[in-house]
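Here is a short briefing for a reader who is meeting this structure for the first time. Please look over the sequence and the model before reading the points below.

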Amino acid sequence: MKYQRIISNEDGDIPYLSHIMKLPEVSRFISFDEKNYWQYVTSNDNVFYFKVYDNDGQLVAATHCETLNRKLYMDIMVIPAHQRKGIATSVLGDIQCDKLPLEFDQIEVSIDSANTASIKLFEKMNFHCVSKEEELLNYIYKKF
């Protein structure tokens, strides 16, 4: 996988990514405020939004990461046409192995309890459920 950080809200892929985030199969699991989101992503030093390209140069996914006090909060969005091909597993593995410029000791994610694919992914990648808040399951991965 190849990663490219979005550093400007003028990035040419933003309209396409916004479209994908509004699709029903994606929007039911990812909250997205188009009016403010890209400004937020590109104006905060601790926020990293990476586009993910396969080896053929095709945009297949994206990951939103935020760091705070050596904790990484993140989500992964695989473009629906590319789901179930191991892309999210590869992205998460790359993050865990420090292939992206992120400094963290642990990763925290919140997953909708209806999102069984994500639950299976994070559990397979050594995340542990630590709490449940309404429909959200909170998972943690500790680096050490």
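Ile 87, Ala 88, Val 91, Leu 92, Gly 93, Asp 94, Ile 95 and Gln 96 are the buried residues of H4. The model is predicted. Helix H4 spans residues 87–96, and because 8 of its 10 residues are buried, the rest of the structure largely encloses it.

Helix H4 and what follows

- Cys 97 is exposed, because its relative accessible area is 56% and the cut-off for exposed is over 50%.

Cysteines

- The number of disulfides in the structure is 0.
- For Cys 97, the closest cysteine sulfur belongs to Cys 65; the two sulfurs are 14 Å apart, so they are too far from each other for a bond. A disulfide would need the pair of sulfur atoms to be within 2.5 Å.
- Cys 129 has a relative accessibility of 42% and therefore counts as partly exposed.

Strands S6 and S7

- Strand S6 covers residues 128–133 and is hardly covered by other parts, with 0 buried residues among its 6.
- S6 runs antiparallel to strand S7 (residues 136–142), and 5 bridges join the two.
- Glu 133 has Leu 136 in S7 as its bridge partner.
- The hairpin of S6 and S7 has 2 residues between the strands, and in this hairpin Glu 134 takes a positive phi near 55°.

Definitions and conventions. Residues numbered from 1 in each chain as written. Predicted model: local features only at pLDDT ≥ 70, side-chain atom pairs only at ≥ 80, totals over all residues. Heavy atoms only, no water. Buried < 20%, exposed > 50% of the residue type's maximum accessible area, 1.4 Å probe, protein only. Helix = DSSP H or I, 4+ residues; strand = E, 2+ residues; numbered from the N terminus. Pairing = 2+ DSSP bridges.
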